[in-house]
Amino acid sequence: RDVTELSGGQRSKVLLVKVLLQNPKILILDEPTNFLDEDHIRWLTRFLQNYEGAFLLVSHDTAFLNDVVNIIYHLDNAVMTKYSGNYDNFVNMYELKKRFIEGLLSIEGLRVNAIFSDEVELSLEDRVQKTAPHIISVSFPKAKSEVFLHALEMKGIYCSSGSACSSNHPAISGTLKALGITGEYLDTTLRFSLSPENTLDEIDYAIAVIKEQLPIYMKFYKK
């Protein structure tokens, strides 16, 4: 049968199969399931699960995404962040991170590092999130991080002080610079690590504890 006699949906299927059979090293697929029935979606799912090359996929079919992807790139306010896992894992981590950051920003005397806005001009390189999406770096300008860390541990909240790349050197590391951390914040920064196993209730509890404890330790801060 001549391809010109096929419907638009049928032609799309033929073109998709033609591209896949060429076995390219990189595939770019834009809404590939739009014109596919359930049998063809299952076939495409199996194909991509066994595909040895790389593929970039744009789709609103969340069930399909969950079955075939293991990396999600999220573009928000011109900042691109890479999440590992399927779509459900991304949504969960994004909601946890959003809830935590919103709570942190409501606390006076606290700074969330690497939060970008349209008011600040950034290069394309700087617009790529330089930290893992599950890591939140927070500075307390008037509270020593080591002291505050132990205070949080007593409340069942565990984090690490400073940056994993800062070590004990007085100079600011490249990672700290990328986060916008200057010398005055070197000993007042904590890193919180979120996990898919965390819950929103745990996030709310952490925010409440930080909000309660921070003013206490700020009173005794000495440079």
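Which residues form a nonpolar patch on the surface? They are Ile71, Tyr73, Leu75 and Met80, and together they have about 400 Å² of accessible area.

## Ground rules

This is a predicted model, so to speak: local features need pLDDT of at least 70, side-chain atom pairs count only at pLDDT 80 or more, and totals for chains, interfaces and linings use all residues. Residues are numbered from 1 along each chain as its sequence is written, and side-chain values use heavy atoms, with hydrogens and water left out.

## The surface patch

Back to that patch. Its residues must have over 30% relative accessible area and no salt bridge, with like charges joined within 9 Å and nonpolar side chains (Val, Leu, Ile, Met, Phe, Trp, Tyr) within 5 Å. Areas come from the Shrake-Rupley method with a 1.4 Å probe, and for residues only the protein chains shown count as cover.

Strand S3 (residues 71–76) gives the most to the patch, with three residues. Tyr73 has its place in S3. Strands here are DSSP runs of E, at least two residues, and helices are runs of H or I, at least four, numbered from the N terminus.

## A four-stranded sheet

Next, the open sheet: four strands in the order S5-S6-S8-S7, with antiparallel pairing. Two strands count as paired if DSSP finds at least two bridges between them. The edges are S5 (111–112) and S7 (160–161), each pairing on one side only.

Going across, S5 and S6 (residues 135–139) are antiparallel over two bridges, with Val112 partnered by Val138 in S6. Helix H4 (residues 87–105) packs on the sheet, touching S5, S6 and S8 (189–193), and its direction makes about 5 degrees with that of S6. Contact means heavy atoms within 4.5 Å; axes are lines fitted to C-alpha atoms, for helices over the stretch in contact, with angles from 0 to 180 degrees between N-to-C directions.

S6 and S8 pair antiparallel over five bridges, and Ser139 stands opposite Thr189 in S8. Two bridges then join S7 to S8, again antiparallel, with Ser161 partnered by Leu190.

## Side chains along H2

Helix H2 (residues 38–49) holds both Trp43 and Phe47, four residues apart, about one turn of the helix. Rings of Phe, Tyr and Trp (its six-membered ring) pair if their centres lie within 6.5 Å; planes under 30 degrees apart are stacked, over 60 edge-to-face, the rest tilted. The count comes to seven aromatic pairs. Trp43 and Phe47 have ring centres 5.5 Å apart and planes at 20 degrees, so this pair is stacked.

Glu38 and Arg42 also both lie in H2, four residues apart. They form a salt bridge, with the closest N and O atoms 4.0 Å apart (the rule: a side-chain nitrogen of Lys or Arg within 4 Å of a carboxyl oxygen of Asp or Glu). The structure holds three salt bridges.
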